[in-house]
Amino acid sequence: MNTQVEIAGVEFKNPVMVGSGTFGSGVEYSEFVDLNKLGAVVTKGVANVPWPGNPVPRVTEVYGGMLNAIGLQNPGIDVFVERDLSFLKDYDTRVIVNVCGKSVEDYLEVVERLGDEKRVDMLEINVSCPNVKEGAIAFGQNKDALFDITSRIKKVAKQPVIMKLSPNVTSISEMAKAAEAAGADAISLINTITGMKIDIHRRKFALANKTGGMSGPAIKPVAVRMVYEASHAVNIPVIGMGGIASGDDAIEFIMAGATAVAVGAMNFHDPYTTMRVVEGIESYMRRYNVEDINDLRGCVE
Amino acid sequence: MAKKAKIEARVLSQSILAEGIYDMWLETELAMDAHPGQFVGVYPANKATLLPRPISICEVDKEKSALRLVYRVVGSGTAEFALYQPGDIIMILGILGNGFPLEAAEGKRAVVMGGGIGVPPLLQTAKELSQKGTEVTAVMGYRNEETFLSDDFKKYAKMVIATEDGSVGTKGNVIDAMNENSVECDVILACGPMPMLRAIKQYAQDKGIKAYISLEERMACGVGACLGCVCKTKEADHHSHVHNARICTDGPVFDAEDVEI
């Protein structure tokens, strides 16, 4: 039985990754799961300098999911390289570093800085965080801006580049095509869906940021639809995510066209979710005599 | 520190202490590693809910491998907890957080201070300090005559009570009760609503004594990964280097001098 997948020349032992921002750099969850069993660790977004993030409350629960407006708090690239990449050094899993910025130059600085870091297998460019006022999502909601930043990053990047797309757009296919045309090696989607919750007892927004990104099982059908549309619009690999809680959910994304999948908010519900997804995929393959996970990709036409 | 885990726990008992305040004992191996001031995440069974509810540890019985949680019903999750019966199996995540630094209070004139649903975690704190031979004064603030847990505190501490309506003890807050009873101390360990914690921070600063305060915030992961539950710190925090410590893992207990509240 083969669970190995390949994206832009990088081999992954299985298609299970984590959603950026839901897993830190793996330190906290290494108390619960064996990181060596993951296809890849996708790190929390890192910028050229430390970002303090948004005021609290930053998280709130909604039916079947949650809203977050962390605002990409991160220690900046210097601490990240020294501490987080060192931590991941001895694990036998791929490392995908999520990169955020407020200007194209911010992104380029981080991408260039990571170029010589041998531990970094791929870069994921966050142009879709809904919780940061400047930059970030501005690049992810306009196809010309997305084309521009993607092509500029591709000029300096030494590792393959994944563009992480926002679902908060009119046509995900158009955005996927723009990323591909600009040279992206892969795309990942969906980032969170912009939402809002009001505390009717206190007559206040539940989040200090007023809006937040929705994640969790409730968004899965939206994510599956978008992964299906995007993967049929482009020829580059798609990493699918949005509410994945089980091996069956992962299989659904793969059938929609995803080459790999990521577990996001469900890590917060159950710190062992990633392992259950890895095992669940294998048990599905045994049940239906699937020899190679790659045979399932996009099998629903 | 012991490894964290999400595991099953068995409800041993459940009772009502005051209006909306519930008292539940759980049998769980996590009890063996529990320290006063730490907390657990309790998962509602309702599939529409995702996140564990952070609930402080009120008391620990290591012989019975049991934890006592005293909680207030505030939403649908805690409303579900209130229905649990002895024998029910629930899922919990723990042990979480740092807990109170008992060594900072041992052998000194220690005051444990709680307000409202901040009262429970001070019980195990008072118990362990008292077992180590430290004389403890418990200064607890309540809304009214429903002074839950006050009989338990009397086993381990000299008890001073403040109530908002003046029905029991000093009318006013915990600081009023300290003053009215001329309580002198070297260190305060506290948990309660933010206005109370701000007053305690100021009180400690004015008196030149140490105060350790337990903070709360909306949490998601509970283990330090999501950066949801941060508080402003005086110095750059060690994790993100941006003056934002994680309440769930760097706290919930902080030296009052170190946090901007």
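This is a tour of a predicted two-chain model, in the order in which to select its parts. Local features need pLDDT of at least 70 and side-chain atom pairs count only at pLDDT 80 or more, while totals for chains, interfaces and linings use all residues. Residues are numbered from 1 along each chain as its sequence is written, with chains lettered from A and ligands numbered from 1 in the order in which they are written.

Start with chain B. Chain B has five helices and 16 strands (DSSP runs, H or I of at least four residues for helices and E of at least two for strands, numbered from the N terminus). Its radius of gyration, taken over C-alpha atoms, is 17 Å, close to the 18 Å that the globule rule gives for 261 residues, so chain B is as compact as a globular protein of that length (the rule is 2.2 Å times the number of residues to the power 0.38). Of the 261 residues in chain B, 53% are buried (20 or more other C-beta atoms within 10 Å of the residue's own; exposed means 12 or fewer, partly exposed in between; C-beta atoms are placed from the backbone).

Next, select the contact between the chains. Chain A contributes 35 residues and chain B 24 (two residues are in contact if their C-beta atoms, placed from the backbone, lie within 7 Å).

Now select A:Val227. It is among the residues that touch the most other members of the largest nonpolar core, a set of 187 residues that also includes B:Val40 (buried Ala, Val, Leu, Ile, Met, Phe, Trp, Tyr and Cys joined through C-beta atoms within 7 Å). Helix α6 of chain A, residues 220-233, gives the most to this core, with six residues. Leaving out residues up to four places away in sequence, A:Val227 touches A:Leu189, A:Phe253 and A:Ala256, among others.

Move to helix α2 of chain A, residues 104-114, where A:Tyr107, A:Val110, A:Val111 and A:Leu114 are buried. They cover an arc of only 100 degrees around the axis, which puts them on the same side of α2(A) (the arc is that of the directions from the helix axis to the C-beta atoms). The buried residues of α2(A) pack against elements of chain A including α1 (77-88) and α4 (143-156).

Finish at helix α9 of chain A, residues 273-287. Its buried residues include A:Val277, A:Ile281 and A:Met285. On the face turned away from the buried side of α9(A), select the exposed A:Ser283, A:Arg286 and A:Arg287. Just after α9(A), A:Asn289 takes a positive phi of about 50 degrees.
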